[in-house]
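Hi,

Here is the structure I promised to pass on to you. Have a look at it first, and my notes follow below.

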Amino acid sequence: MDKKYEDSIHRTGRIGIIIGIILMLGIPAVISSVYDVWPESAAQVITAGSGLLAVFIPTCIAEVFSYTPILGSSAYITFLTGNVMNLKVPVVVNAQIMSDTASGTEEGDAVATIGVAVSSIVTTLIIAGGVLLLVPLRPILTSPTVQTATTYLLPALFGGIFLSFVNNDCGDYVAKGKPLTMILPLLVVFGVNAVFPLAGMEGFVVLICMVLTVLCAVVLYKAGIIKMTPKEKKKKA
Amino acid sequence: MTFNEIMNSPLLYGLVGLGIAYIILFCLITLKKAYKHALELGITREKLKLVITSSAIYSVVPSISIVIGLFSLASVLGVPWSWFRLSVVGSVTYELMAADMVATGTGYESVAALNAAGDASVVGTVMFVMSICIMGGLIAILLFGKRIQMGLTKARSKHGELGALITGVLSLAIIEAFLPMQLMKGKVHLAVVFTSCIIVLIHLQIIKRFKCLWLRNFVMANTLLLGMASSLVWIRILG
């Protein structure tokens, strides 16, 4: 990867995150000072948040390790603006399909960042629009029909993007048999989820699936089942 | 002042407005850098236009579901703080859970009970706890983001075609983790997944047969919308 761009995009991302953290703590600090509503003590904050911290610290960290390999440089905006699974990951997948680029390549990383930045701007503007139109929109968007439909956002999403994942594309290579790496992890998740519901542990499950998929890929490649062909060679052939 | 008055105060609106403006600015700066770099890498403007329009169109439907969440959150936490929390890091589920845990931690039955009681003294605690408890991901990306990406780039270049294969299969983990969980949630979930799959196939056939490339921009958005709408039919059929 271009070292200058890599340093610059990560520096921008890190500064962006630091300012985001300052805002997240600064706004409560200003409100607490102006209205004199500071928490009684740090212990009160820790006590009230201990349950959340116990759940969310490992979950959030697992998400970073699970999704950053897919998101690349767009991870900074993604984690600052949230909605990783229902918005940003599909946007990354879609952006790479639209531009014929692959995950893990420099080109794939650049288009993923473009897609996620655009998506975050659109979402921010739509939420702002929702705030402005709170009164007229509330009856429509809180109707039982709309509320029921939105609870099925994730199955609709995964049914929609599933086919995008079943391909032999691997950056500069065509990896014939690549979808075979999905079989074992899929069976494991099906099996484990049947006896031990995995809901709420998605970040960890993604991480375990990554390890399993890589192991399957290495075994299938060494066994000669997955065959890698450089794209240039393939074109000439 | 009561809890509700502070949580809907003009000052909080102003601060949140600044925060939102910052988020947009940060996105624009990153977008500019990535766009310039994509052109340097030889990706055509046409392809980038396609990426931008399809990302924007796709984002509309999930964003509307966030607005629906805003309505439920705003009724207990006020409009501006809910607006900020849903624009920065948070999700409706987390925010409601966090607010509720703070309320019970400070002696109330729920966040709705806290709101109804109007106890302004816990405003600071609610806001700080909601912010601090979701920061794990931000701190982790700050510390490890560059290292993770550099490690992958190194693996890809060092191990040749095997490196390309290893980094190329990582994204499959998303489908492997989430698809079985969605399929196993019930008959309606299963039907919605298959409906969405079929909708994508229909789109791809239309694009191929009638060469209407413009439709590629709408595949994801249409699939999401029609897939979600199909749930209403499936509920009636499957119960």
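Just after helix 2 of chain B, B:G42 adopts a positive phi of about 95 degrees. Please keep in mind that this is a predicted model.

The helix itself checks out on length. Helix 2 of chain B covers residues 10–40, and at 1.5 Å a residue its 31 residues should span 45 Å; the end C-alpha atoms are 45 Å apart, so the two agree.

Now to the interface. Chain B brings 133 residues to the contact and chain A brings 149 residues. Together the two chains bury about 13,100 Å², with 81% of that on carbon and sulfur atoms.

How many salt bridges cross between chain B and chain A? The rule finds two. In one of them, B:K47 pairs with A:D100, and the closest N and O atoms are 3.3 Å apart. Polar contacts between chain B and chain A come to 22 residue pairs, counting those with both residues at pLDDT 80 or more. On the side of chain B that touches chain A, helix 2 gives the most, with 21 residues. That side divides into 92 nonpolar, 32 polar and nine charged residues.

One more thing, from the record: an unreviewed UniProt entry annotates "transmembrane region" for several stretches of chain A, including residues 41–65 and 149–168. In the model, residues 41–65 of chain A are 96% helix and 0% strand, with end C-alpha atoms 33 Å apart. Residues 149–168 of chain A are 75% helix and 0% strand, and their end C-alpha atoms lie 33 Å apart.

Best wishes

Notes. Residues numbered from 1 in each chain as written. Chains lettered and ligands numbered in written order. Predicted model: local features only at pLDDT ≥ 70, side-chain atom pairs only at ≥ 80, totals over all residues. Heavy atoms only, no water. Helix = DSSP H or I, 4+ residues; strand = E, 2+ residues; numbered from the N terminus. Expected span 1.5 Å × (residues − 1). Contact = heavy atoms within 4.5 Å. Buried area = accessible area lost by both parts, 1.4 Å probe. Salt bridge = Lys/Arg side-chain N within 4 Å of Asp/Glu carboxyl O. Polar contact = N/O pair within 3.5 Å; in protein donor to acceptor, adjacent residues only side chain to side chain. Nonpolar A, V, L, I, M, F, W, Y, C, P; charged D, E, K, R; others polar. UniProt positions renumbered as here; feature names shortened; annotations may be inferred.
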